[in-house]
Amino acid sequence: MNEKIKNQLFKKNIFYKYDEENKLYCIYVPCKKIQTNEVAFDCPFCFDRYKKCGEPFKNSISVKHFHGYTPDASGNIGSRTPHCSWQTRRYWDLPPFEFHLFDKFLITTGNQGSPSTPPVNIADL
Ligand SMILES: [Zn+2]
């Protein structure tokens, strides 16, 4: 994972960890239920408009991604394959990763496997 990605995740206050077993990064994104069976979140990487050189425009906005809603009791929705565009992947040079979704309105304050206390704080890296 390169510095540009790390900085972006830090700016957005998003945690991640490396999943040794599956050889990919797990990126923890808070999402919001929008339908009975659907959640949405602002992608930390995707923007709506890109310049020809591949950079997102300064005034471009984050793109939302949509996924099915199947939370467990603590608000974890599980891992999802990213829907990021090829422009996004190219711009950030994204490594293999998955989004780990959690419902920010269902998070309990306990430490029992709650994603509000993810294993790695990127500020510590
Ligand atoms: Zn995306």
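Lys23 is exposed, since it has 9 other C-beta atoms within 10 Å; exposed here means 12 or fewer such atoms, buried means 20 or more, and partly exposed is in between, with C-beta atoms placed from the backbone. Phi of Lys23 is near 55°, a positive value in a residue other than glycine. Lys23 sits in the loop between β1 and β2 (24-35). Keep in mind that this is a predicted model: local features need pLDDT of at least 70, side-chain atom pairs count only at pLDDT 80 or more, and totals for chains, interfaces and linings use all residues. Numbering starts from 1 along each chain as its sequence is written.

**Another positive phi**
- Asn13 also shows up here, with phi near 60°, a positive value in a residue other than glycine.
- Asn13 belongs to the loop between α1 (3-11) and β1 (15-19).
- Asn13 counts as exposed because it has 10 C-beta neighbours inside 10 Å.

**Overall layout**
- You're looking at 2 helices and 6 strands; these are DSSP runs, helices being H or I of at least four residues and strands E of at least two, numbered from the N terminus.
- The order along the sequence is α-β-β-β-β-β-α-β.
- Of the 125 residues in the protein, 21% are buried.
- Take the contacts with a separation of 6 or more, and 57% of them involve residues 24 or more positions apart; a contact means two C-beta atoms, placed from the backbone, within 7 Å.

**The nonpolar core**
- The largest nonpolar core has 17 residues, and those with the most contacts inside it are Ile27, Val29, Cys31, Val39, Phe41, Ile77 and Leu101.
- At least two residues of this core come from each of α1, β1, β2, β3 (38-47) and β6 (97-103).
- β3 supplies the largest share of this core, 5 residues.
- As for the term, a nonpolar core is a set of buried Ala, Val, Leu, Ile, Met, Phe, Trp, Tyr and Cys residues joined through C-beta atoms within 7 Å.
- Leaving out residues up to four places away in sequence, Val39 touches Cys31, Lys32, Lys33, Ile34, His67, Tyr69, Ile77 and Leu101.

**Confidence**
- Mean pLDDT for the protein is 83, and 83% of its residues reach 70 or more; pLDDT is the predictor's confidence in each residue, from 0 to 100.
- Among the elements, α1 has the highest mean pLDDT (96) and strand β5 (residues 76-80) the lowest (77).
- pLDDT stays under 50 over residues 108-117, where the model has 12 contacts beyond four places in sequence.
- Residues 119-125 also stay under 50, with 11 contacts beyond four places in sequence.
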